Every structure is written in structure tokens, then in C-alpha cells.
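User: I would like to go through this protein model by question and answer. Please define each term when it first comes up.

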Amino acid sequence: MSLVAPTPLGFERSPVAGTTLEDLDLPALHAYLRRRVPGLRGPTPRDPAAEPPPLDPAAAERAAQRLGLVGLLAAQAVPTVVGLLAFGTAPQLARPEWGVSCVRVRGASLADPVAARSDIEGRLETLIADTLAFVRSNTRVAPNLMSPSDPAPEYPDDAVREALVNGLLHRDYRLSGRVSLRIFNDRLEVWSPGGLALPISLDDLAQHGGASFPRNPLLAATARHLGLLEQIGRGIPAIRRSIAGATALPVQFHTSQTEVRVVLPSYINASMGNVAGN
């Protein structure tokens, strides 16, 4: 077991140099603030389809500061790390390392030919959606004899999503590496920079669940309120359960002081007994 790479308390609330409030999707941010801060909701409009009145900019800025989404840098309001990740229009313009690198390799190692690759950029919600789209476009499905209209995917969507969300939410955002998703003929890997935040075993969490120790608690809380995760400690067990429903091969978890890597076995490749094929 390898572990601890603690992130300074409050790092998530750090203002991001080189950005301004114009780097945020303000309508999306204001909609979030209305949900999270009761005093900003205002009276319920008579017409349910009517647009709510615009927020007072000063009140919205104060609320965003309270939630850790906006901070002050040289007396100017700018997005924080979490604010830019959750609501930035193009966060990678300021922090290129905050994207996801995706690659499909025809073989079982990175030395084999690359069939497809994509550098996914955008805010957290976009990173998740576009990375999952890459996986669907570059993996296979198997016929389902019981339900021909519902073929079985090579990797359960729930398992891939949980591994990806964990990688994005728990990575160390101080490091320059990107989260990477690598698809091989026999497996899919999600790699994230930074070891675990606490000296705990991923295998124990996968077995029992019930604990959530996010490296970035504010980011995790914001993602939870955006509906991107549950944060009740069952993400890793859910990955194992989802894979177990598709193949007898185990999920693998690798950790060190500098990385976390989750390896999902290919359901189709295992059934074919073939590592070298397409």
C-alpha cells in the first residue's frame, strides 16, 4: 500500500491567476446559486415557464464567494479552482492539465499502434460526457441473444463512469499530469495523478464501501449538488459489482504516492480468450 499525498486545506478555494469572471458560464453559475442559496431564489413566478429575474451581480458574487467558487486576487473577483472546474467555459485555456487524455490502442501495451485519440476539454460535466462518448465510440458490443435490441457493451457504462468521476474528483490538481483513459484490446485503464489522500486500501473500499474521503471535498460537494455523483462511499464497490456482472475477471486497483490507476477487464476479450485481436 502506497500512499499519502495530502493537498493543502483550502487549495480548492484558491483563486486561479490569469482568469476573470468572464471565464465562467454565468447563467449556469447563477442557476446553481439559486438552488444552493435560499435567499437568492426570489419569489416564485406566476408563470412556471417564465424566466426568473436576473440575480443582483453583487449578491451573486457574495454567494459564490461563500460557496468557494469565486475568490479575490489583488482585490479582484476571479474563479477559484472549483469554480473554474465546475463552471468554466474553457478551463484548459488557463490550466491545460485539467483535461482528459483518451487513447485507443490496438494491442495490449502503449507500444502498439494507436487507433484513435482525443484530448477532452471543458468543465467537469463536459469532461465526463465527452470521455464516455469516446469510450462508446471506441469499444465493442456483443450480441444479446435474450434481448437483440440491447447488446452488451465491452465495459459497463456505470463502471467506466464511476472510475472516470473518481479520477477527476480525487486527482491532485497541483500536478501537471492529465487524467488519462486508455483502451487496450484486453482492458480499459483510468489513470489519475496523485496518490490517495489517506492511508487506506482501495481493495478494502472496493470490498466494503461506506466511506468517502475526497482529496477535494469542495469539488466533490459541488459535483454532488450538480448531480454528477452520490458521495456515499459506494462508487468503488459499484465498479466491482458492475464488472462482476459482466466477467469473472477482477477489477484491479493500483496506487502509489504519485498515481491511482483503475483497470477494468474487457468482457468481450475475456469471452474470446484473445489479447492480441481487435
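User: Leaving aside neighbours within four places in sequence, which residues is alanine 152 in contact with?
Analyst: This is a predicted model, in which local features need pLDDT of at least 70 and side-chain atom pairs count only at pLDDT 80 or more, while totals for chains, interfaces and linings use all residues. Residues are numbered from 1 along each chain as its sequence is written, and side-chain values use heavy atoms, with hydrogens and water left out. Contact means heavy atoms within 4.5 Å. With neighbours within four places set aside, alanine 152 is in contact with Arg140, Val141, Ala142 and Tyr267.

User: What separation do the C-alpha atoms of alanine 152 and arginine 140 have?
Analyst: Alanine 152 is found in strand E6, residues 152-153; helices (H or I, at least four residues) and strands (E, at least two) are DSSP runs, numbered from the N terminus. Arginine 140 is 12 residues away along the chain, and the two C-alpha atoms are separated by 8.7 Å.

User: In what order do the six strands of the open sheet stand?
Analyst: Two strands pair if DSSP finds at least two bridges between them. Strand E4 (114-120) and strand E9 (252-255) each have a single partner strand, so they stand at the edges, with one side of each left without a neighbour in the sheet. From one strand to the next the twist averages 10°; axes are lines fitted to C-alpha atoms, for helices over the stretch in contact, and angles run from 0 to 180 degrees between N-to-C directions. The pairing is mixed, and the order is E4-E3-E7-E8-E10-E9.

User: What angle does the direction of helix H4 make with that of E4?
Analyst: Helix H4 (residues 124-137) packs on the sheet and touches strand E3 (100-105), E4, E7 and E8. Its direction relative to that of E4 makes about 170°.

User: Which residue in E10 stands opposite phenylalanine 253?
Analyst: E9 and E10 form a hairpin with three residues between them. Four bridges join E9 to strand E10 (residues 259-265), and the two run antiparallel. In E10, the residue opposite phenylalanine 253 is valine 262.

User: How many degrees lie between the planes of tyrosine 32 and phenylalanine 87?
Analyst: Rings of Phe, Tyr and Trp (its six-membered ring) pair if their centres lie within 6.5 Å; planes under 30 degrees apart count as stacked, over 60 as edge-to-face and the rest as tilted. Tyrosine 32 in helix H1 (residues 26-36) and phenylalanine 87 in helix H3 (residues 81-87) are 55 residues apart. Tyrosine 32 counts as buried at 2% relative accessibility, and phenylalanine 87 does at 3%. Their pair is tilted, with 5.2 Å centre to centre and a plane angle of 55°.

Terms used: Buried < 20%, exposed > 50% of the residue type's maximum accessible area, 1.4 Å probe, protein only.
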